[in-house]
Amino acid sequence: MSEIPPMIPSIADAQPGPIADLSYRNYDGPLNVRLFRWWIVAVAGLRLAIKKKGFWIVAAISILPYLIIGLTLYLSSSGVNTTLSPVPVGQKYSSQFFQAAGLQSLWLFIIAVLVGSSSIAADNQANALMVYLSKPITKGDYLLGKWMSTFLAVTAVALVPSILLYFYCLLSFQSAGFLKEEPWLFLRVIGAATIPGIVHASLIVGISAWSKTPRMAGAIYAGLYFMSFALATMVWAIAFQGDLSEGVMVRHLAIGTAIQGVEQNIYSVDVRQPGMRRRRQNKKKAGQTGQPQMDLAIEIPVPNVGPMVLLVGSYCVVGVMAARSRIRAVEVVKG
Amino acid sequence: MPVASVKNLTVRYGKKTAVNDLSAEIPEGCVGLLGPNGAGKTTLIKTLLGFVQPASGSGEVLGMDVASQGLLIRQKIGLMPEQDCHIPGMNAVTFVSYAGELAGMPGSQAMRRAHETLEYCGLGEARYRNIETYSTGMKQRIKLAQAIVHGPKLIFLDEPTNGLDPAGRDEMLALIKDVSHGKGINVIVSSHLLPDIERTCDDVIVMRGGQVVASDSVVNLRKTIGMQVEVDLNAPSDQFVQVMTSLGAKLLSQFGSKYKLSLSSTPDNLGKFVFEAAKTANVQVRGFEPAMRSLEEVFLEAVA
């Protein structure tokens, strides 16, 4: 007797298929031409930046100067003999913050290279500009977004430890005249923390826009940063060897020292630079006379604010203009 | 209503004129942009997207002026560029969602649509993989996904089957055909591959030297001049050709037992006409149909 086939197919016989509707459906939701379109680009850039392990490592290292300064302040307040040198009234805390910012500057530069070098160069490498500019965003939105992502990354790394140190000082040294002697310190801390971000972001987006790979952009910026420092310091040292406190502007022509110059203006503190030649002479004299070694550090005055702002401003304008001239959706070869 | 139109458009790259006084209307549906290298196809697309400034003339996309409403146009269109392009360091779902946000979608909507679009484009399983690890075929699909995530009314596809293997090409063409028919999306496909255009497009614009040399529906362009018929016999037969010639037909081509004949006039009943000739020649007819020109013939004729 032949078997009658079942009328209803079993579940095992059924072909597997998607449960959800996978066909194309039109999108009828809102589409806004937003005023702050650059913010979308900036947030995406920041998300990519914080995904990098290197960013967190360098950010963690860059906190150390503030930690050391905080520890030094604590020890000096506890009566332990520290290296804190006497400073004029009204500069006690400013000079500490300025010193910490100076120690942190190299790490901020590395953060800028990590985040900024890939900002536009990686898009050049992957032809992403065509994707960006085929959407309703302008060249300006794109550039501002990329600039902002680098600026925010660098500024956050500079700002967070300095604000934490400020609050530590606020809680611990109120009785020592912290607020009374330096009432504007909080604003100075915020102002000074934004300067590295502004300068680094402007310059690195310019270099990144002209580079085909992030590595090349990073190498060029690093070269520019260190070479400009070496050249400016050499010229300053040779031209003003008689009195190094003169010709301060020459010293501040380099990228790093230009940032430092503006920060020095914001904190309004004098820099004490050890004088190598004088120290050697002093050692000789001390050996002859048996007198204790004197503190012969050179007092470097605050550079003039006008030229400093002009210098840093022109660095920023050059960087941004260089980037703007390079950003385009398609390469147009004029024949 | 045309989805895009240009009037007396001239685009120059330095001294070289890429598009010369071009006037054209691109109809709704799926339109193929054909032309030899340097014909001005890509320049036309770039101009419509606002990437290139025209020297003179004007253009409209979806009723909006190319010169003054670039942002609004780019919100309503999608572009799938020819070359590989992605945003480095992102996985597929982040990339497509980001493209949606750039187009003006709210973040949550963009993410939801990104998942849907990736499923539709066949990348559902690979959506969390970094795009840098994708194969060429997958990269082509993700370019399509980022172009359609925000539900554009018009998409430009520049060489969409570039670098794809036959299976991948078939799938991509099926996707293009699906998205451009009954989904409310108009598609402009620029390609050198005529079979791709033939399979997907309803209309064709053929360009040469920065000007339009032919523009019509694929069906109309493929229509032959006069009546032509393709007859498939059971075996090659010279006698059949002789009978047809005596009835006023002219042999155009023969491939085995397949004959392409041009008739001097259109008979009232083509079937009866062919079958009677076959009966006289004592051969069997396996099949017959009015002959159409291939798109390749149309293209070669237009650009010659």
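Visitor: How do you know what share of the contacts in chain B joins residues at least 24 apart?

Guide: Two residues are in contact if their C-beta atoms, placed from the backbone, lie within 7 Å. Among such contacts in chain B between residues at least 6 apart in sequence, 66% join residues at least 24 apart. This is a predicted model, in which local features need pLDDT of at least 70 and side-chain atom pairs count only at pLDDT 80 or more, while totals for chains, interfaces and linings use all residues. Residues are numbered from 1 along each chain as its sequence is written, and chains are lettered from A and ligands numbered from 1 in the order in which they are written.

Visitor: What makes a residue of chain B count as buried, and what percentage does so?

Guide: A residue is buried if 20 or more other C-beta atoms lie within 10 Å of its own, exposed if 12 or fewer, and partly exposed in between, with C-beta atoms placed from the backbone. By this rule 44% of the 304 residues of chain B are buried. The C-alpha trace of chain B spans about 75 × 50 × 30 Å along its principal axes.

Visitor: Why are β1(B) and β2(B) called paired?

Guide: Two strands pair if DSSP finds at least two bridges between them. Strands β1 (residues 4–13) and β2 (residues 16–26) of chain B have seven bridges, in the antiparallel sense, so they meet that condition. In this pair B:R12 stands opposite B:T17. Two residues lie between the strands of the hairpin, where B:G14 has a positive phi near 65°.

Visitor: What makes β2 and β5 of chain B edge strands?

Guide: The open sheet of four strands runs in the order β2-β1-β4-β5 (chain B), with antiparallel pairing. Its strands β2 and β5 (64–65) each pair on one side only. Two bridges join β4 (residues 56–61) of chain B to β5(B), and B:E60 stands opposite B:D65 there. Helix α1 (residues 41–49) of chain B packs on this sheet, touching β1, β2 and β4.

Visitor: Why is one side of β6 and of β10 of chain B left without a neighbour in the other sheet?

Guide: That open sheet has six strands in the order β6-β7-β8-β3-β9-β10 (chain B), with mixed pairing. Strands β6 (77–80) and β10 (211–217) of chain B stand at the edges with a single partner strand each, so one side of each has no neighbour in the sheet. Within the sheet, β3 (residues 30–34) and β9 (residues 203–208) of chain B pair in the parallel sense over four bridges, and B:V31 stands opposite B:D203.

Visitor: Why are α8(A) and α9(A) called oblique to each other?

Guide: Axes are lines fitted to C-alpha atoms, for helices over the stretch in contact, and angles run from 0 to 180 degrees between N-to-C directions. Angles under 35 degrees count as roughly parallel, over 145 as roughly antiparallel, 65 to 115 as roughly perpendicular and the rest as oblique. The axes of α8 (residues 185–209) and α9 (residues 214–239) of chain A cross at roughly 135° and come within 9 Å; the two helices are therefore oblique.
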